Amino acid sequence: MDDYLGRQVEFVAKLVRLSQEGRIDWRLHEKGGFVGEVFGREIRIFDSEKPAPGSGKVGTVRKAPVLEILVGDGKVGHSIESVTGLRDLLASAGFRAAGIDNFMEQVLAS
Amino acid sequence: MSGLAQLNDWVAVSANWLGIISLAVSTYAAVTISRIRRDIVGRVTLPAIISALEDGNGQLSAMLKDFDASHRSFEVTLSVCEANLRTIVSSRSQATPRAKSLIGDIAAFRKGRLSSGAQATALDIDRAWAIYGSLSGLVEELKRITHLHQVGG
């Protein structure tokens with residue numbers, strides 16, 4: 001595995017940890033997915049639909065999570081895709097943005 | 001008499017050569033079997049192992065959200081991942097050293113958990129997250145190996 005891909009995997013794994021520890025404040029993004037802030041930078045994670053290779057059927061798509069690092073004006077500065085851990089990050093962002101923790105606590109405390 | 005001695009010598013030399021040829025054939029067979037086994041793991045079982053490891057790793061990250069509440073499930077999932085790692089080690093693929101190192105990390109985590117008792121320490125949590133990160137790296141490497149197998153036909 002080349003160094004850059006290795007760094008990307010480490011980066012995503014670290015983001016998953018920060019997200020699971022509640023250190024990224026996720027919210028819904030108007031274009032879909034979730035946006036959060038980490039170390040003063042905005043990141044967005046969402047499911048992107050891409051043509052499924054080798055499916056044999058025209059129009060068959062597969063969903064793959066994409067992580068975007070946004071620059072000041074909301075434009076995409078860099079995007080990361082096809083890296084292990086992105087699906088975990090998307091799941092974590094959805095869980096946090098939907099406030100599932102608080103909701104479960106409320107229900108259990110009632 | 002000398003004819004018999006010559007025959008004896010000839011038989012002895014022939015036996016030595018046959019022994020060497022037999023050893024070469026055995027070595028070749030062992031290498032071929034090992035290569036075929038690696039190939040089968042690469043083509044057939046590796047995609048299933050990658051999928052299982054990726055699922056397991058995702059579950060580990062979800063459980064790490066509240067480790068104290070889910071430490072038993074965490075241990076079970078970790079054991080499943082470890083079993084898959086042992087299959088990778090036995091395949092003697094390029095990913096074997098990384099899988100071996102990860103098994104060592106899991107052993108260190110378990111040892112730490114035994115000494116820390118019921119309540120997880122910050123070090124336990126750090127070790128668990130390190131395992132998650134390393135597993136992600138291993139899955140990525142396995143995907144690359146599978147891709148190379150596919151490209152190579």
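Predicted model: local features only at pLDDT ≥ 70, side-chain atom pairs only at ≥ 80, totals over all residues.
Residues are numbered from 1 along each chain as its sequence is written, and chains are lettered from A, with ligands numbered from 1, in the order in which they are written.

Between the chains, 15 residues of chain A are in contact with 14 residues of chain B, contact meaning that C-beta atoms, placed from the backbone, lie within 7 Å. On the side of chain A that touches chain B, helix H1 (3-20) and helix H2 (86-97) of chain A each supply at least two residues, and the largest share, eight residues, comes from H1(A). Helices here are DSSP runs of H or I with at least four residues, numbered from the N terminus.

H2(A) has 12 residues and reaches 16 Å from its first C-alpha to its last, close to the 16 Å expected at 1.5 Å a residue, where the expected span is 1.5 Å times one less than the number of residues. H2(A) is followed by A:Gly99, whose phi is positive, near 60°.

In chain B, helix H2 (residues 67-91) and helix H3 (residues 96-116) pack at an angle of about 145°, with their axes 8 Å apart; axes are lines fitted to C-alpha atoms, for helices over the stretch in contact, and angles run from 0 to 180 degrees between N-to-C directions. Among the residues that meet are B:Leu78 and B:Leu85 in H2(B) and B:Ala99 and B:Ile103 in H3(B).

Key:
Contact = placed C-beta atoms within 7 Å.
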